[in-house]
Amino acid sequence: MHECEKTCGNCQYSYLQKDTTQHPTIGLLRQHCRNQRYTSAEYTEEMYLEDQARGYCRFWTPIKRKEE
């Protein structure tokens, strides 16, 4: 089985949300995470930096796709 690249763009917790704080008329799409463990206080800056060094988030989960 081919393993896909572990990026936010192909994680089941990732979503895009329009952000109008910098460009009120245009609104840019920003990527966010809905994983409750990622957004909790228990996920420390040290853990974040470890994940950055590893190249992917410890909570990364592949997108579930319907079988065709």
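Helices are DSSP runs of H or I with at least four residues, strands are runs of E with at least two, and both are numbered from the N terminus. Asp 51 and Arg 54 both lie in helix H1, three residues apart, about one turn of the helix. The model is predicted: local features need pLDDT of at least 70, side-chain atom pairs count only at pLDDT 80 or more, and totals for chains, interfaces and linings use all residues. Residues are numbered from 1 along each chain as its sequence is written, and side-chain values use heavy atoms, with hydrogens and water left out.

Asp 51 and Arg 54 form a salt bridge, with their closest N and O atoms 2.5 Å apart. The term requires a side-chain nitrogen of Lys or Arg within 4 Å of a carboxyl oxygen of Asp or Glu. Asp 51 also meets Arg 58, at 3.1 Å from N to O. A network of salt bridges links Glu 50, Asp 51, Arg 54 and Arg 58.

Asp 51 is buried, at 2% relative accessibility. Buried means under 20% relative accessible area, exposed over 50%, and partly exposed in between (1.4 Å probe, protein chains only). Arg 54 is partly exposed at 41%, and Arg 58 is partly exposed at 31%.

The whole structure holds four salt bridges. One of them joins Asp 19 and Arg 30, at 2.5 Å from N to O. Asp 19 belongs to strand S1 (residues 14-19) and Arg 30 to strand S2, so this pair ties together parts 11 residues apart in sequence. Asp 19 is buried at 18%. Arg 30 is partly exposed at 36%.

## Aromatic rings

Rings of Phe, Tyr and Trp (its six-membered ring) pair if their centres lie within 6.5 Å; planes under 30 degrees apart count as stacked, over 60 as edge-to-face and the rest as tilted. This rule gives two aromatic pairs. Tyr 38 and Tyr 43 make a tilted pair, 4.9 Å centre to centre with 40° between the planes. Tyr 38 is partly exposed at 28%, while Tyr 43 is buried at 10%. Ring pairs link Tyr 38, Tyr 43 and Phe 59 into a cluster.

Arg 54 lies over the face of Tyr 56, 4.8 Å from the ring centre. A charge sits over a ring if NZ of Lys or CZ of Arg is within 6 Å of the ring centre and within 35 degrees of the ring normal.
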